Amino acid sequence: MQEKIWLKLFKSNKKLQRIVLSIILWIIAAIWYIPIFWMLSTSLKSSQVAITENPPRWIPQEPTLENYKIVFSPASGISVMRGIINSFFVAIISTFLGLVIATPAAYALSRLRFRGRNAIFWSYVAILAFPGVLFLVPQYFIIHRLGLMDNYLALILPGLGSTFGVFLLRQYMLGIPRELEDAAWIDGCSRLRFLVTVVLPYVKPALTTLALMSFLGSWNSFLWPLLVLNSPEKLTLPIALVRFSAGWGDPFRGIGPLMAGAFVSVAPTLIIFIVFHKYLMQGISLSVGEK
């Protein structure tokens, strides 16, 4: 009887529902962050302490930055710092050029009327249904035939034709009122000016979301850089960390530096999500709502 009363009270009390939902979400978030916090905690301990302490401590008793000094010093020709610089360079260039190409393509598919427009759009949607790994082999042969192996262009060029980016921006641009566009033509506004002064401010949340997702996708990319890069000075961060960890032989002996390198790789993702989470959530919600 009491259970039915509590259930009825819960269903009728919106404030109580929000409190319970918030508690559940905070618990899920805490579970998700536990491995990251443990990674940070282990990176601030010496490898010997991290292995031998019993029970393990969440907060280091004697924190040290020695592991980070090891990570950022060249080891066996592998420089993690150089990998960070390379990853930032490739991610920023890929993101910028991807937006430059996706924006006019999305504008053409959303606002211009030409034969085959719907066929092109649905071909974009169909491509989204295939996993990216399916295109690795043809991309590899194309890059090899172009002579771009072990070159930064091999990392940048394949991602410029982002089907998801065009799809996302197109869905936003469909929400621009047709009356606004007609008024711009009456005032003598060119299509390029309309795109720059009207469309871009309107799709700013989508551009921000796409930029963040493109940056993170390039930053975390592992398999494709592993296939096309060979020179130690050109390795991106994920590949540099793998080769850095291989130099320890016994992973337990180098657990401190390995956790420090892993946290360095994860840190930009965490910072971007914490700083721009409102844009990410707004962009995702609006893209679902647009028709």
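This is a predicted model: local features need pLDDT of at least 70, side-chain atom pairs count only at pLDDT 80 or more; totals for chains, interfaces and linings use all residues.
User: Which helix gives the most to the lining of the largest pocket?
Analyst: Residues are numbered from 1 along each chain as its sequence is written, and side-chain values use heavy atoms, with hydrogens and water left out. Several helices (DSSP runs of H or I, at least four residues, numbered from the N terminus) each supply at least two lining residues, among them α6 (117-128), α7 (136-145) and α12 (204-220). With eight residues, the top contributor is α5.

User: What volume does the largest pocket have?
Analyst: A pocket here is an open set of points on a 1 Å grid over the protein atoms alone, where a 1.4 Å probe fits, with protein on both sides within 12 Å along at least five of seven lines; lining residues have an atom within 4 Å of a point. Of the 35 residues lining the largest pocket, Q139, P158, G159, L160 and S162 are the closest to its centre. Counting the space filled by probe spheres set on the points, the volume is about 1,000 Å³.

User: How many charged residues are in the lining of the largest pocket?
Analyst: Asp, Glu, Lys and Arg count as charged; Ala, Val, Leu, Ile, Met, Phe, Trp, Tyr, Cys and Pro as nonpolar; and the others, Gly among them, as polar. The lining has 20 nonpolar and 15 polar residues, and the number of charged ones is none.

User: Which helix gives the largest share of the lining of the second largest pocket?
Analyst: This pocket has a volume of about 240 Å³, and its lining includes W26, W32, Y33 and F273. By class, the lining has seven nonpolar residues, one polar and no charged. Seven lining residues come from residues 14-43, that is, helix α2.

User: Are α5 and α9 parallel or oblique to each other?
Analyst: Helix α5 (residues 80-111) and helix α9 (residues 163-173) pack with their axes 8 Å apart, at an angle of about 50 degrees. Angles under 35 degrees count as roughly parallel, over 145 as roughly antiparallel, 65 to 115 as roughly perpendicular and the rest as oblique; axes are lines fitted to C-alpha atoms over the stretch in contact, with angles from 0 to 180 degrees between N-to-C directions. The two helices are therefore oblique.

User: Which residues does A108 touch, leaving out those up to four places away in sequence?
Analyst: A108 is found in helix α5, and its C-alpha is 8.6 Å from that of R170, 62 residues away in sequence. Taking contact as heavy atoms within 4.5 Å, A108 touches F114 and R117.
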